[in-house]
Amino acid sequence: MYQPDEENIRLLRSVGKTFKMMSMNIADEMDRRGLQITQAQAMLLRRLWLQDGPIQNDLAWITFRDKTSLARLITKMEKKGYVRREQDSMDGRAKRVFITESGRELARAINKVLSDMSERFSRGICPNDLTVMMRTLESIQKNLDNEFEL
């Protein structure tokens, strides 16, 4: 039976703890700036900011939600005026999700928080170390993508 060595366990613990700490800091900063939005909503808005109008069900992997849970998330965001849904012109069963102007304003504020927090998180780390860390994390993600397709 495979027994992970202590370094692998330490890596898993460190990545998990870092992710949790970063997530909590970002959420706290968004609250401090009066941005009343969950992390799942923020991730969805950022995706729509980058690519507006995707098929609703294609967004499920972004928030790590099933299709039903995603539909509820989008409904809440629709009620707040951040997104709107339209029937797909090619497939009447599918819906496309678009960011509204109000959603764009919020996405700009979210982008500012993420930019500021990124600066804070990387303070004191030399650019070369950040590059190596990103390559390493991307390699880990690629290894996982090969085993678990998101």
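Two exercises with worked solutions follow, on a predicted model.

Residues are numbered from 1 along each chain as its sequence is written. In this predicted model, local features need pLDDT of at least 70 and side-chain atom pairs count only at pLDDT 80 or more, while totals for chains, interfaces and linings use all residues; side-chain values use heavy atoms, with hydrogens and water left out.

**Exercise 1.** Determine how the axes of helix α2 and helix α4 cross, and which residues meet.

*Solution.* Step 1: helices are DSSP runs of H or I with at least four residues, and strands are runs of E with at least two, numbered from the N terminus. The protein chain has 6 helices and 2 strands, in the order α-α-α-α-β-β-α-α from the N terminus.

Step 1: the axes (lines fitted to C-alpha atoms over the stretch in contact, with angles from 0 to 180 degrees between N-to-C directions) of α2 (residues 39-50) and α4 (residues 67-79) come within 11 Å and cross at roughly 80 degrees. The two helices are therefore roughly perpendicular, a term for angles of 65 to 115 degrees.

Step 2: with contact meaning heavy atoms within 4.5 Å, Ala-40, Gln-41, Leu-44 and Leu-45 of α2 meet Leu-73, Ile-74, Lys-76 and Met-77 of α4.

Notes:
Parallel < 35°, antiparallel > 145°, perpendicular 65-115°, else oblique.
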